[in-house]
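Dear colleague,

I am handing over the structure below, and I would be glad if you could look at it alongside the notes that follow.

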Amino acid sequence: MSVHILLEHPVPDYEAWKGAFDADPVHREASGVRSYRILRPVDDPNYVAVELEFADRERAGAFREALLALWRSSAAQAVMRDPQIRIVEAVEARTYPG
């Protein structure tokens, strides 16, 4: 199964955060990200969770380090607060019809 990075944090302004995310300063595709999903709580538009999928732990680990370095920058701190990050493995998945 695949390896994922799960991250989440508050954002003072979603549109500003999304612009920074879309600028892709950590070069997601070149860094091994196979797919991503952005999630927002239905009751809190100023909070995001992001799931990034990788083929292996090594690429996920390297990407985590790149994110931690990016998050120390003043540019990142202007669009987000208190990020949480984990590397997880998918151990089971099931899709239901309908």
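This is a predicted model: local features need pLDDT of at least 70, side-chain atom pairs count only at pLDDT 80 or more; totals for chains, interfaces and linings use all residues.

Four strands form an open sheet in the order S2-S3-S1-S4, with antiparallel pairing. S2 and S4 (84-89) stand at the edges, and since each has a single partner strand, one side of each is left without a neighbour in the sheet. Neighbouring strands are turned by 15° against each other on average, direction ignored. S1 and S4, which run antiparallel, are joined by six bridges, and Ile-5 stands opposite Ile-87 in S4.

In the loop between H1 and S2 (35-39) you will find Arg-28, which counts as buried because its relative accessibility is 10%, below the cut-off of 20%. Leaving aside neighbours within four places in sequence, the contacts of Arg-28 are Phe-21, Asp-22, Val-33, Tyr-36, Leu-52 and Phe-63.

Finally, the largest pocket has a volume of about 270 Å³ and is lined by 19 residues, of which Trp-17, Phe-21, Pro-25, Leu-70 and Trp-71 lie nearest its centre. H2 gives the most to this lining, with four residues, and the lining residues divide into 16 nonpolar, two polar and one charged.

With best wishes

Methods. Residues are numbered from 1 along each chain as its sequence is written. Side-chain values use heavy atoms; hydrogens and water are left out. On a 1 Å grid over the protein atoms alone, a cavity is a set of points where a 1.4 Å probe fits but cannot get out, and a pocket is an open set with protein on both sides within 12 Å along at least five of seven lines; lining residues have an atom within 4 Å of a point. Grid points are joined across faces, edges and corners, and a volume is the space filled by probe spheres set on the points. Helices (H or I, at least four residues) and strands (E, at least two) are DSSP runs, numbered from the N terminus. Ala, Val, Leu, Ile, Met, Phe, Trp, Tyr, Cys and Pro count as nonpolar, Asp, Glu, Lys and Arg as charged, and the others, Gly among them, as polar. Buried means under 20% relative accessible area, exposed over 50%, partly exposed in between (1.4 Å probe, protein chains only). Contact means heavy atoms within 4.5 Å. Two strands pair if DSSP finds at least two bridges between them. Axes are lines fitted to C-alpha atoms, for helices over the stretch in contact, and angles run from 0 to 180 degrees between N-to-C directions.
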